[in-house]
Amino acid sequence: MNHVADLLFAPARFFSALEGKEPGLGIPALIAGIGAVISALAAYAISDLYAGMFAAAGTGMDMGMFMGLMGAAGAFIGFILLWWIVLAGAFHVVSVPLRGKGSFSGTLAATGYGLVPSVIGSALSAVTLLSYLPRITVPVIRNIQDPAVIQAAITEMMQDPAMQEYTMVSTVFTVIFLVWSANIWIFGMKWARKLDTRNACITVLVPVGIFIIYLLATFFAKGFFMGGS
Amino acid sequence: MTVYRVFPFLLAVLLLFLPAAAAEQSQVAAAQVMVTNVTLNPQVFMVGDSGTITVEIINNGAQSVAIRRATLYDEKIRVESRAYETTMYLGAGNRMTFTFTVSAPVPEGIYYPVFSLDFRDAGYLRYPVKLRVQDQPLTVAVLSRPDTFTDGKKEKVEILVGNPRDNAVSGVTVYPVGEGIDATPTRHFIGLLAPDKSQNVAFQITPGKSAVLEFHVDYYNGINPHTETIRVPIDVGKSKVQAEPILSNLRVEWSGTYYTLTGDVTNAGLEPANAVVITMGQGAVPQDPYRQYAIGTLQPDDFSGFEVTFTVDGDRTSVPVVITHKDADGNLYTTTYPVDIPAKGTRKPAAGTEESPLPVIAGVIVACAAVIGGIVWYSWRKR
């Protein structure tokens, strides 16, 4: 329990404790897995909207359930890939010119540990989604043969005021908890890649900064990021 | 001496009997004159008609005959032309015709005006001419017509013209007359109509309002013009067979930005409904993607689904759906159908119209940001 507290509130002490030890990927993978499951559950909850959208087209609930399962699988894999593997890869690549030393498994482990705040953010975002779901108005699709109609209906649902409000809230949660994760990742990169504080900040803040800019740009472009926390 | 005394006596006797012999000879010659042909135009008169009677005579004898006067007379049949008063000779084997103009202001029946030929030297010839007066006009009947006329819609009206008379009539023309009525063709020319024959003519009638449509049949009996008329009242209303689109299976749903009306439109009439288009009427504002829904042709008893999208002005609870279709002539028909829409209270409220969780969430966000800020600061301070 102390380890978890150290990870969240005193990451320097947490990673100091790991100094000299072989980085294990079990716990980081478990953390990433929990985050992936939460994202998958959120995506499946959203499938309820799609089920209502396609119900009038005579497809019954099967179409909505299928889309829900596909969305959940996508969100699960997307979280593992994007939030753990890709971010760790980005940290590792950025740290190379900064004379980073250490294996990629160490970077993966440090990135996985740093995902704990983001998983908390995902859980908060999922709870928020439950309060917004009943308020989202779902357009009706009667002709699933027409892709333009489906596209228009999905766009309309995304532009629903409740959906936009949820998107904004979800984005803000993601950014705030991403800052917390970034803080842990800085200390993690110092441990995993043997970097000084300055280079560790550069290693983490460049990819995270780009990611945050991407999230904000997507939000202001009125898009919707399905794999978000 | 005796012969001289007898000769004057014989001469006197001869002179006494010579004229008598000549008169007997003229009578024999006149007896050879006979009527060979009588022609009436028209063959059968109508009451009041004028016409001509032409009598042809022939002299079958070997001597010419002197004719002093030829005339026609009757107590009831009026002879309009004068008698032939000039003395003329009808040579042996020759023919001669006499034409008289007559009128028949008499009731229906058979009359016998007498043709009279007076010979100068030998009495006269009397010949009754048979003249029929038939008070029987052409018969006009409506063969087919729609039960109800529709304003501006072309309908077919078929007319039968029959000739029950014993003679043919000529120049038969049929044409419709009526206020605000457009007819195609404007008139039909039949021409000669033989006795006991009939002829069908058809008109395409387009009424502009309720009126009385008259079909006039003009014709000539000889030189006499006659007209028969049949009246067809036209009540402009709803046709019994016209296409009748009706809506069913209606469903109105609010999709957040507009209403979606779906349903079926069925042609409950007996004629095809062409170019069927469905849109919203006053009080509703059509919206994309289905401002209008074009269905096309609906055969009788056929139906089709449709979908229109719209918003409403104010707090209306009912909006009119407008169905337009055309008949085979291109006339446009509009049917309005009121449709109830869900009351505002039953719509899913948009964000901000009910108590939004945003203030609470914003508080959570601020708290999280503050805590995370504190954690970050704390983690660096501990270093």
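Ser248(B) stands opposite Asp264(B) in E21(B), within a predicted model whose local features need pLDDT of at least 70, whose side-chain atom pairs count only at pLDDT 80 or more, and whose totals for chains, interfaces and linings use all residues. Residues are numbered from 1 along each chain as its sequence is written, while chains are lettered from A and ligands numbered from 1 in the order in which they are written.

Eight bridges join E20(B) to E21(B), and the two run antiparallel; helices (H or I, at least four residues) and strands (E, at least two) are DSSP runs numbered from the N terminus, and two strands pair if DSSP finds at least two bridges between them. This pair belongs to an open sheet of four strands in chain B, ordered E20-E21-E25-E23 with antiparallel pairing. Its edge strands, each pairing on one side only, are E20 (245-254) and E23 (284-286) of chain B, and neighbouring strands are turned by 40 degrees against each other on average, direction ignored.

Chain B has another open sheet of four strands, in the order E6-E4-E9-E10 and with antiparallel pairing. Strands E6 (88-90) and E10 (124-128) of chain B stand at the edges with a single partner strand each, so one side of each is left without a neighbour in the sheet. Here neighbouring strands are turned by 35 degrees on average, direction ignored. Six bridges join E4 (residues 65-73) to E9 (residues 114-119) of chain B, and Thr71(B) stands opposite Ser116(B) in E9(B).

We turn next to the side of chain B that touches chain A. There, 25 residues of chain B are in contact with 26 residues of chain A, contact meaning that C-beta atoms, placed from the backbone, lie within 7 Å. Strand E21 (259-267) and helix H2 (358-381) of chain B are the elements giving two or more residues to this side, and the largest share, ten residues, comes from H2(B).

The 24 residues of H2(B) should span 34 Å at 1.5 Å a residue, which agrees with end C-alpha atoms 34 Å apart; the expected span is 1.5 Å times one less than the number of residues. Helix H6 (residues 161-192) of chain A and H2(B) pack at an angle of about 10 degrees with their axes 9 Å apart, the axes being lines fitted to C-alpha atoms over the stretch in contact and the angles running from 0 to 180 degrees between N-to-C directions. That makes H6(A) roughly parallel to H2(B), a term for angles under 35 degrees.

Notes
Contact = placed C-beta atoms within 7 Å. Parallel < 35°, antiparallel > 145°, perpendicular 65-115°, else oblique.
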